[in-house]
Amino acid sequence: MRIKMRIRRFNPEADSKPWWGEYWVEVEESDRVLDALHQVKWYQDGTLTLRRSCAHGICGSDAMVINGRNALACKVLMQDVGDECQVEPLRSMPLIKDLVVDMEPFFAKYRAVLPYLINDNLPASGERHQSQEARARYDDTTKCILCAACTTSCPSFWANEDYIGPAAIVQAHRFIFDDRDDAADLRLRVLNDADGVWRCRTVFNCVQACPREIDVTRAIGEVKLALMNGLED
Amino acid sequence: MIHTHKFETVVVGAGGAGLMAALYASQGSDTAVLTKLYPTRSHTGTAQGGIGAALGNLEEDRAEWHTFDTIKGSDYLADQDAVDLMCQEAVEVIYELEHMGLPFDRTAEGKIAQRPFGGHTSNFGEKPVRRACHAADRTGHMILQTLYQQCIARDVRFFDEFHVLDLLLSADGQATGVVAYEIDSGDLHVFHGKALIFATGGFGRMWEITSNAHSLTGDGPAIALQKGIPLEDMEFFQFHPTGIYKMGILITEGVRGEGGILRNRDGERFMERYAPNLKDLASRDVVSRAIYLEVRDNKGIDGGRYVHLDATHLGRQIVETKLEDSAEFCKTYLGIDPAVEPMPVQPTAHYAMGGIPTNVDGEVQLNAQGDVVPGFYAAGEVACVSVHGANRLGTNSLVDLVVFGKRAGKAAAAYSQQNDWAELPDETWEPTQAMLQNMLTKEGQHNVADLRTEMQSLMMDKVGVFRTEEGIQSALNRIRELQEAAQDITVMDKGKRFNTDILEAIELQNLLDLAEVTAASALARTESRGAHSREDHKARDDENWLTHTYASKVDGKINLDYAPVNVTIHQPEERTY
């Protein structure tokens with residue numbers, strides 16, 4: 001089938017502001033939006049610039065706005081985009097070129113929540129045990145691939161780019177609710193900041209945007225509860 | 001603009017091997033990690049089913065059984081001392097990953113959970129054993145995330161989106177650094193190092209149907225080859241039996257580990273004929289060939305080039321908790337619920353057993369005699385230790401990258417403590433800049449995507465699961481023409497900022513160089529062993545071919561040399577499953 005791709009373009013070396021490029025592509029219904037973008041890049045305009053790698057929704061490189069919604073280009077099929085497919089870079093991130101945005105501010109927020117297990121009491125040898133229930137407690141938030149689809153879909157983030165955002169809260173949740181970790185207090189302190197978890201207004205855009213189907217708002221709610229009531233043991 | 005940096009250890013690549021190496025190198029040396037992606041985008045993250053180690057958490061298991069399975073799986077081409085070391089060290093390194101916080105699934109007693117995987121057995125081939133330690137079917141994702149987390153905790157220095165274009169050797173042949181292209185700015189950076197670790201991963205994008213990411217273009221081995229370093233056992237490339245039909249996306253072997261069954265158009269469990277004992281859990285080369293033979297015998301589904309992977313009898317609970325990601329791929333890309341319908345699968349190019357030759361400390365070898373390139377290390381899929389020989393067992397890629405990533409990182413740190421800075425060569429960035437300038441100004445005749453597509457289908461048809469002299473030779477001839485054509489291209493993007501157009505052209509040239517070596521190595525090996533299956537030489541020939549291939553490029557020509565396999569534990573036997 002023939003579909004019109006409408007792609008937000010910006011070349012920092014030539015353009016003063018972004019513009020819309022229009023391209024017709026011949027695709028199969030089962031093709032991904034990423035395949036359509038590749039068709040444009042490979043056969044029509046090699047200057048079209050995007051990030052991508054694994055092409056099946058695991059690496060998190062190709063988050064972008066597709067027909068108004070945040071998604072991974074490799075997980076949206078052309079049969080689901082309608083007659084026209086409009087593609088834009090993630091919102092509220094510094095734009096570099098075309099569909100590529102500067103991810104560094106996003107990763108800085110990730111690093112701010114101490115995204116690593118902190119525990120000084122390791123067993124002298126062998127494995128440390130964890131019950132199946134304790135493991136299940138944080139399972140959902142281990143799925144995060146740091147694609148930024150959630151954070152950049154959030155109206156609170158659009159309004160205030162200092163908001164730490166759902167992705168960093170998800171990452172914090174993964175450790176706060178891991179009973180092997182001893183530093184929940186440190187992370188909760190970060191999230192209790194003025195630009196922390198309280199900026200979430202439970203709009204649920206993040207849940208819709210997450211390509212890993214993480215229940216992001218629930219994770220944020222659990223962090224809020226932990227701040228109000230303390231962590232259950 | 002040219003930037004220069006000095007780091008005692010420079011790691012190229014930030015997948016599992018690169019990050020593990022960086023964790024250890026940074027404990028003893030000032031370390032930088034360069035990656036053409038962001039670290040968490042690396043392909044380790046797509047590994048699904050598990051990481052093998054004889055923990056014995058659910059039943060008796062021993063490292064020496066793991067060693068036997070790996071050697072037998074390799075069709076006796078692996079170096080047995082290296083395999084033994086890997087399988088012994090695998091146990092400790094799993095505990096280490098757990099201590100780092102890796103969220104393994106757990107047994108009822110809270111131990112690390114384990115499941116069966118292809119070719120892994122107890123008591124030297126007796127029956128399948130639960131050895132694959134797993135975190136749902138996103139074990140690789142968890143390993144990548146955990147190692148990156150630890151790098152952040154220890155403040156490892158990263159240069160994200162830096163594409164390495166050249167390897168620098170001193171006048172007397174020591175590794176002294178790399179030249180990298182900063183993708184955002186288009187600037188060149190010279191990294192002067194004492195020790196250099198290549199962990200750039202594989203090159204499955206050489207084939208049409210592949211599980212590999214677009215980024216897996218073999219930049220590391222291609223650059224090494226250009227600098228006179230040989231590549232080992234390049235004729236052995238694994239086709240995983242269960243890629244999603246037409247797309248190549250991997251469906252984990254864990255599906256069969258949990259009891260999934262391959263069926264042909266008659267609904268027959270055909271693996272019973274090919275591997276009466278282990279059936280669907282025979283090793284990957286065996287299962288991939290079986291699927292090709294079924295298709296050739298007109299037993300593909302609806303006469304097509306695929307078979308069914310049936311998980312419908314496992315129950316929704318297993319499918320949705322233990323095989324969650326695979327189920328999700330099927331739903332997203334095929335509209336199929338694997339708890340209800342079988343999955344259409346075909347073999348998909350998956351893993352390079354060959355690569356840059358190293359010893360067990362990751363030191364890169366300069367020749368078949370085993371002389372090393374001082375200061376140069378490699379680990380992970382890019383390296384050939386060789387622990388996988390002619391065919392890798394499932395889960396062993398993850399074992400390889402943590403065990404040998406760690407060893408290479410330690411060895412590099414020790415090297416940089418014991419040695420002074422070797423001098424950079426007279427020319428560092430100049431040849432790279434000239435190459436880039438030439439590509440930007442050239443108005444050539446060919447399109448990169450067309451050349452890439454032709455290479456991929458050529459390799460799939462002629463240097464894929466089954467091979468013949470005639471087919472390989474014709475592929476080799478055409479690859480050489482494509483190499484010429486790839487010098488005569490037009491790069492449409494002439495800009496400096498984020499020019500992925502020029503990088504795709506360079507990646508194609510890298511893939512073509514590796515395709516040439518792969519085909520030349522395959523042509524010379526007149527036997528069938530593991531993943532290298534010659535229809536004109538169907539038998540394994542231990543008398544003449546119990547050897548590793550070392551292919552180097554001398555004056556534009558491929559030169560082949562050979563080194564004997566290290567057979568210290570198990571004498572080669574007929575391989576049946």
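**Notebook: contacts, strands and domains in a predicted model**

I began with the contacts of chain B and found that, among those with a separation of 6 or more, 76% join residues 24 or more positions apart; two residues count as in contact if their C-beta atoms, placed from the backbone, lie within 7 Å. I note that this is a predicted model, in which local features need pLDDT of at least 70 and side-chain atom pairs count only at pLDDT 80 or more, while totals for chains, interfaces and linings use all residues. Residues are numbered from 1 along each chain as its sequence is written, and chains are lettered from A and ligands numbered from 1 in the order in which they are written.

**Overall form of chain B**

Along its principal axes the C-alpha trace of chain B spans about 65 × 50 × 50 Å. Of the 577 residues in chain B, 65% are buried, where buried means that 20 or more other C-beta atoms lie within 10 Å of a residue's own, exposed that 12 or fewer do, and partly exposed in between, with C-beta atoms placed from the backbone. I listed 16 helices and 22 strands in chain B, these being DSSP runs (helices H or I, at least four residues; strands E, at least two) numbered from the N terminus.

**Strand β19 of chain B**

I then turned to β19(B), residues 372-378, which is largely enclosed by the rest of the structure because six of its seven residues are buried. Strands are taken to pair if DSSP finds at least two bridges between them. Strand β11(B), residues 188-198, runs parallel to β19(B) and is joined to it by three bridges, with Tyr377(B) as the bridge partner of Ile197(B). Strand β18(B), residues 363-365, runs antiparallel to β19(B) with two bridges, and there Gln365(B) stands opposite Val372(B). In the hairpin of β18(B) and β19(B), six residues lie between the strands, and Gly370(B) takes a positive phi near 95°.

**Helix α10 of chain B**

For α10(B), residues 324-334, I recorded Asp325(B), Ser326(B), Ala327(B), Phe329(B), Cys330(B) and Tyr333(B) as the buried residues. These pack against β13 (237-244), α6 (254-257), α9 (316-321) and β16 (343-352) of chain B. Gly335(B) follows α10(B) and has a positive phi near 65°.

**Domains of chain B**

The assignment, which is automatic or from a database, gives domain 1 (242-347) and domain 2 (430-541) of chain B. Their C-alpha centres lie 30 Å apart, and the contact takes five residues from domain 1 and five residues from domain 2. On the side of domain 1 that touches domain 2, the largest share, four residues, comes from helix α8(B), residues 284-296.

**A sheet in chain A**

Finally I looked at chain A, where five strands form an open sheet of mixed pairing in the order β2-β1-β5-β3-β4. The edge strands, each pairing on one side only, are β2 (19-26) and β4 (69-72) of chain A. Strand β3(A), residues 63-66, runs antiparallel to β4(A) with four bridges, and Ile66(A) has Arg69(A) as its bridge partner in β4(A).
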